[in-house]
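Subject: Handing over the structure

Hi,

Here is the structure I promised to pass on to you. Please open it alongside this email, and then read on for what turned up in it.

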Amino acid sequence: MSSHSIADAPEFLPDPDGSRDAHAYLAELRARAPIARSQMGVVFALAYRHIDLITRDVTRQIETETKLMQGITSGPIFDFISASMLFSNGDIHMRRRAPVSRTFAFKLMDAMRPKAAALAAELVQERIGRGPIDFVNEIAAQLPARIIADILGIPRADLPVFMRWIADTAEALGFIDLEKREKIESSLVAFNAYVSGLLADRRASPRQDFLSDYVQATASQGELSEVEIRTQIVGLILAGSDTTRGSLCMTLAHLLRHQDQWRAFCADPDGRKRGVVDEGLRFDPVISGIPRIAVKEFDIDGYRIPPGTPVAISVLSALRDPEAYADPDRFDIFRTDHPKWHPIFGAGAHRCVGEALARAEMEETLATIARLAPNATLVGEFPRLLPGAIRQIDRMQVEF
Ligand code: HEM
């Protein structure tokens, strides 16, 4: 039975410059109460046991609310969010997701492993002995962009502009810096037109590839608009970019900080890559919270949550919850208490469709670095993930 209102919960204070230790701050809040509340009225559910709020029928996915809150009520960003699978619910979500989940299959993604390993080898090899490199842009951003470009059959000559569109528009998924709105929108318009061109090409002359299968799956579905068909492809590209990039960086950074574990990894990269990635994704996750809206009144550990309340399931906090992980503040690639379904990829109807691809890219890149550059070192300050729903990596320099 509820005995508290949200107002009784501790306040979740903003961290505008990202200088606070997010894990220590959340541990402090978690010790005081199971939830915290922001000044904007968002409730943060802090414990691992709260992850099921993502799937329970007491919440729904947010739709355009966060864009409306920012005053974005029309235009390319608004249209992108309105037509996406990620920010939709119920039947509409199912119709948008089905052709993707049918064709963007585990087999296709797992088959990208040799390509990811070869690409990582090429990128690393030419940088060995070259002094400090910008790991974020020269390696970590390249992998997801070039692999998805390969899956979509994008010619190599188009890669630079394709990568620029990704860099310009990735922010559309999260909180928008309104000063950048114009730039994001003009790139999004060009990006949309390019993807429409790819789809038209496969309709005119189908090949043995993912996009041709996708086009066919949407045709048999028969209920999606052209904008919806295109938006799922642009969404796939953007959802896999900053997430994989930041995860790759932080996993490598923590490995290099723990030299005993780095050496153990270098001794058996293939045997240990799965454990390395599981732990990297847990220890410093790129997703801080999974946002939902309460659709009916319910209770979180004695706190009454009224309908309409925005609720963020704090993955950042849950992944360090001592009720779920032994000694949670210890980075440990040998950990045996990872759950079967890693919470970093969400849960239920919206669970990440790119998990197998993200894992393939991360595992193969890290294993390749361990094999080719066992003497890799971090240069300069330890990298940080900045505050935000998708935490962006600031910078990271590595010497191979
Ligand atoms: C380490 C990398 C990644 C992480 C941590 C991650 C995490 C997530 C999470 C938490 C969700 C669910 C969000 C919610 O329920 O509100 C999600 C959804 C999604 N992800 Fe990922 N993701 C990653 C990589 C990828 C990749 C590589 C792709 C595709 C190339 C991808 C495509 C998607 C799509 C399309 C959705 C929307 C699914 C839906 O709404 O039904 N993600 N991801």
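A word on naming before we start: helices (H or I, at least four residues) and strands (E, at least two) are DSSP runs, numbered from the N terminus. Please keep in mind that this is a predicted model, in which local features need pLDDT of at least 70 and side-chain atom pairs count only at pLDDT 80 or more, while totals for chains, interfaces and linings use all residues. Residues are numbered from 1 along each chain as its sequence is written, and side-chain values use heavy atoms, with hydrogens and water left out.

**The ligand and its surroundings**

Let's begin with the ligand. There are 27 residues around it, and those that come nearest are His93, Arg97, Arg292, His350 and Cys352 (a residue is near a molecule or strand if one of its heavy atoms lies within 4 Å of it). Which elements each supply at least two residues of this shell? They are α4 (90-103), α12 (226-239), α13 (241-257), β6 (289-294) and α17 (355-372). The most comes from α13, which gives 3 residues.

By residue type, the shell divides into 16 nonpolar, 9 polar and 2 charged residues. Here Ala, Val, Leu, Ile, Met, Phe, Trp, Tyr, Cys and Pro count as nonpolar, Asp, Glu, Lys and Arg as charged, and the others, Gly among them, as polar.

Cys352 sits in the loop between α16 (315-318) and α17 and is partly exposed, with a relative accessible area of 33%. On that scale, buried means under 20% relative accessible area, exposed over 50%, and partly exposed in between (1.4 Å probe, protein chains only).

**Other residues in loops**

The loop between α16 and α17 also holds Asp332, which is buried at 13% relative accessible area. The side chain of Asp332 reaches the backbone nitrogen of Phe334 at 2.8 Å.

Most residues other than glycine have a negative phi. Asp327, in the loop between α16 and α17, has a positive phi near 45° and is partly exposed at 46%. Asp301 likewise has a positive phi near 45°; this residue lies in the loop between β7 (298-300) and β8 (303-305).

**Salt bridges**

Side chains of opposite charge can pair when their charged atoms come close. The whole structure has 40 salt bridges, each being a side-chain nitrogen of Lys or Arg within 4 Å of a carboxyl oxygen of Asp or Glu. One of them joins Lys183 and Asp168, with the closest N and O atoms 3.8 Å apart. This pair links distant parts of the chain, with Lys183 in helix α10 (residues 181-204) and Asp168 in helix α9 (residues 159-169). Lys183 is exposed at 51% relative accessibility, whereas Asp168 is buried at 14%.

Asp284 and Arg391 also meet in a salt bridge (3.3 Å, N to O). These two are 107 residues apart, and both are buried.

**Cysteines**

How many disulfides are there? The search finds 0, a disulfide being a pair of cysteine sulfur atoms within 2.5 Å. The sulfur of Cys266, for instance, is 17 Å from the closest cysteine sulfur, in Cys249, so the two are too far apart for a bond.

Happy exploring!

Key
A polar contact is a pair of N or O atoms within 3.5 Å; within protein, one must be able to donate a hydrogen and the other to accept it, and residues adjacent in sequence count only if both atoms are side-chain atoms.
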